[in-house]
Amino acid sequence: MRWPGYSGYKESGVRWVEKIPEQWDTISLKWVSRRYAGGTPDKSNPAYWEDGDIPWLNSGSVNDGYITEPSAYITREGFANSSAKWIPENALVMALAGQGKTKGMVAQLGIEATCNQSMAAIIPKPNVLPRYLYWWLVSNYQNIRNMAGGEQRDGLNLEMLGSIPCPLGSVEEQNAIANFLDRETEQIDTLVAKKRRLIALLKEKRTALISRTVTRGLPEDAAREFGLEPPTRFKDSGIEWLGEVPEGWAVKAVKWETSVQRGASPRPIDDPVYFDDEGEYSWVRIADVTKAGMYLEDTEQKLSELGSSLSVKMQPGSLFLSIAGTVGKPCITNIKCCIHDGFVYFPRWKGEPRYLYYIFASGEPYKGLGKMGTQLNLNTDTVGSIVIGIPNDEEQLAIANYLDHETAKIDRLVEKVEAAIACLQEYRTALITAAVTGTIDVREAAA
């Protein structure tokens with residue numbers, strides 16, 4: 001939908017926005033708001049935290065956008081013995097520092113609360129509506145981060161916040177913009193949420209398809225397409241995750257079909273002598289496998305001849321499995337590469353590598369395996385002890401080809417939905433910016 005513009009514009013006088021409506025002004029936050037940081041009572045003192053009744057926020061609270069629940073409660077004694085301060089309901093809070101994307105994020109309070117020292121309270125004066133200011137700050141998230149070194153670890157401070165410029169129309173215009181953006185972004189967010197749920201369902205369908213095929217064999221129609229007789233008789237595997245498998249399949253632990261060996265690398269691995277941009281073998285990190293799909297096509301680094309001579313070499317077509325970081329992620333390499341001890345590989349597997357890949361990709365073999373905290377704990381012994389159903393080589397190949405085809409169809413659907421989400425998010429961002437800068441006039445639309 002095309003929104004109308006204002007009748008006339010003028011130069012804004014600030015870098016963040018080129019032009020604003022003629023009747024608007026531009027002013028720094030230090031002239032239209034109070035700003036102060038919070039504080040954290042001594043966490044080693046139980047008297048400051050146990051049975052507290054004063055709402056307190058940590059930096060991660062800003063991720064909510066609109067805060068209605070505190071991160072914790074502090075006691076009145078903790079409040080009195082710290083630099084924590086009350087922040088009124090409807091005021092804004094901004095993260096001055098924090099991990100990842102937190103720095104520069106802003107939220108509005110739906111409750112009266114206190115916050116930690118890595119957050120700033122922003123209390124607008126009567127001529128600035130908090131909700132309008134919220135949307136202005138959201139639209140300039142990256143500009144605000146750049147004031148403190150962008151993606152670097154440097155933090156924002158109150159002086160920086162005070163220097164943030166803000167275009168201001170009348171209170172009535174601010175209210176119209178805030179109402180318009182609340183309504184429009186809610187509609188967009190609802191649509192994005194539905195699409196994310198669709199992606200989750202498609203991925204569940206994909207996993208269920210893989211799991212069913214590597215335990216029950218090909219569906220009847222698919223089996224006949226590959227010139228195979230569909231399985232009609234089944235036997236109990238004795239393994240919970242496998243259940244009943246086709247009668248002709250072997251049921252064996254992985255270690256009885258192949259050795260399970262761990263990768264290796266030179267030490268210390270960060271020594272430049274082990275790397276060479278012109279090297280024959282690529283160096284595989286956990287991050288490379290995490291972002292890869294079924295196949296590893298490229299990595300960020302290559303090993304020198306010395307580095308590769310001290311590592312485990314993998315040839316194209318070889319399967320390996322991560323046992324650290326993104327635990328349990330299988331990958332087939334399409335390039336010559338070397339893997340470290342965060343991976344295991346299967347040098348004597350004589351069957352179809354893609355069949356074994358799909359077994360691990362289903363996630364089913366890991367159910368019931370030992371865990372350390374919430375992290376799946378895999379090693380050569382646990383991977384080798386996994387019991388799988390093994391059809392003959394012809395059926396393994398047919399299953400792999402069938403799953404390649406069927407999962408590709410699902411993956412294409414997921415890609416389309418993800419592209420639609422990206423477009424919606426881009427539109428959302430552009431709409432917010434256009435409204436808070438007066439590029440579009442939403443006064444009638446917000447009525």
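**Helix α10 and the cores**

Modeller: Gly363, with a positive phi near 80°, follows α10. This is a predicted model, in which local features need pLDDT of at least 70 and side-chain atom pairs count only at pLDDT 80 or more, while totals for chains, interfaces and linings use all residues. Residues are numbered from 1 along each chain as its sequence is written, and side-chain values use heavy atoms, without hydrogens and water.

Colleague: Why is helix α10 largely enclosed by the rest of the structure?

Modeller: Because seven of the nine residues of α10 (residues 353–361) are buried, buried meaning under 20% relative accessible area with a 1.4 Å probe, protein chains only. Among them are Tyr355, Leu356 and Phe360. Helices here are DSSP runs (H or I, at least four residues).

Colleague: Which residues have the most contacts inside the largest nonpolar core?

Modeller: Leu133, Leu137, Leu181, Phe346, Phe360, Val383 and Ile388, in a core of 87 residues. Such a core is a set of buried Ala, Val, Leu, Ile, Met, Phe, Trp, Tyr and Cys residues joined through side-chain atoms within 4.5 Å. Helix α12 (residues 393–436) gives the largest share of this core, 14 residues.

Colleague: And what is Leu133 in contact with, leaving aside its neighbours within four places in sequence?

Modeller: Leu133 is in contact (heavy atoms within 4.5 Å) with Leu29, Leu92, Ile122, Pro124, Val128 and Cys166.

Conventions:
Buried means under 20% relative accessible area, exposed over 50%, partly exposed in between (1.4 Å probe, protein chains only). Helices (H or I, at least four residues) and strands (E, at least two) are DSSP runs, numbered from the N terminus.
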